[in-house]
Amino acid sequence: LRLPIVVSGRAEDGAAWSEPTETDDISTTGALFHLNQKVNPDEILYIRSHRPDGVPIKVKARVVRCAPASSGTTRVGVVITEPTENWLRLF
């Protein structure tokens with residue numbers, strides 16, 4: 001499922017960043033997507049999207065895996081940590 005999302009977090013120097021992307025895969029507990037921004041396992045990210053009825057949602061996620069992609073981006077897998085009920089409303 002390709003779902004447009006905006007991912008945000010903090011760089012190692014503490015600077016805030018935000019990057020639009022879309023999911024490669026999505027489940028009731030997490031998502032997989034590509035980022036240009038460098039992230040590390042266990043890092044906390046915030047994901048914003050919209051429910052099918054247009055209502056915006058924001059959830060907190062923890063990076064569980066990172067792998068280089070052929071496009072020069074990083075494939076990032078996350079697990080949703082809170083609020084999970086907001087994430088479930090996407091389905």
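1. Let me start with Val78, which touches Thr29, Gly30, Ala31, Phe33, Leu45, Ile47, Ala61, Arg62, Val63 and Val64, leaving aside residues up to four places away in sequence. Please keep in mind that this is a predicted model.

2. Which residues have the most contacts inside the largest nonpolar core? Val78 is among them, together with Val7, Phe33, Leu45, Ile47, Val76 and Trp87, in a core of 20 residues. At least two core residues come from each of strand 1 (4–10), strand 2 (16–26), strand 3, strand 4 (44–50), strand 5 (56–68) and strand 6. Strand 5 gives the most, with four residues. As general background, nonpolar side chains tend to be buried together in soluble globular proteins.

3. On the overall fold, six strands close into a barrel, and their order is 1-2-3-6-5-4 with antiparallel pairing. From one strand to the next, the twist averages 45 degrees.

4. The pairing of strand 3 (residues 30–35) with strand 6 (residues 74–82) is worth a look: the two run antiparallel and are joined by six bridges. Gly30, one of the residues touched by Val78, has Val79 as its bridge partner in strand 6.

5. Finally, the rings. How many aromatic pairs are there? The count comes to zero, taking a pair to need ring centres within 6.5 Å. Tyr46 does have a charged neighbour, though: Lys58 lies over the face of its ring, 5.2 Å from the ring centre.

Note on methods. Residues are numbered from 1 along each chain as its sequence is written. This is a predicted model: local features need pLDDT of at least 70, side-chain atom pairs count only at pLDDT 80 or more; totals for chains, interfaces and linings use all residues. Side-chain values use heavy atoms; hydrogens and water are left out. Two strands pair if DSSP finds at least two bridges between them. Axes are lines fitted to C-alpha atoms, for helices over the stretch in contact, and angles run from 0 to 180 degrees between N-to-C directions. A nonpolar core is a set of buried Ala, Val, Leu, Ile, Met, Phe, Trp, Tyr and Cys residues joined through side-chain atoms within 4.5 Å. Buried means under 20% relative accessible area, exposed over 50%, partly exposed in between (1.4 Å probe, protein chains only). Contact means heavy atoms within 4.5 Å. Rings of Phe, Tyr and Trp (its six-membered ring) pair if their centres lie within 6.5 Å; planes under 30 degrees apart count as stacked, over 60 as edge-to-face and the rest as tilted. A charge sits over a ring if NZ of Lys or CZ of Arg is within 6 Å of the ring centre and within 35 degrees of the ring normal.
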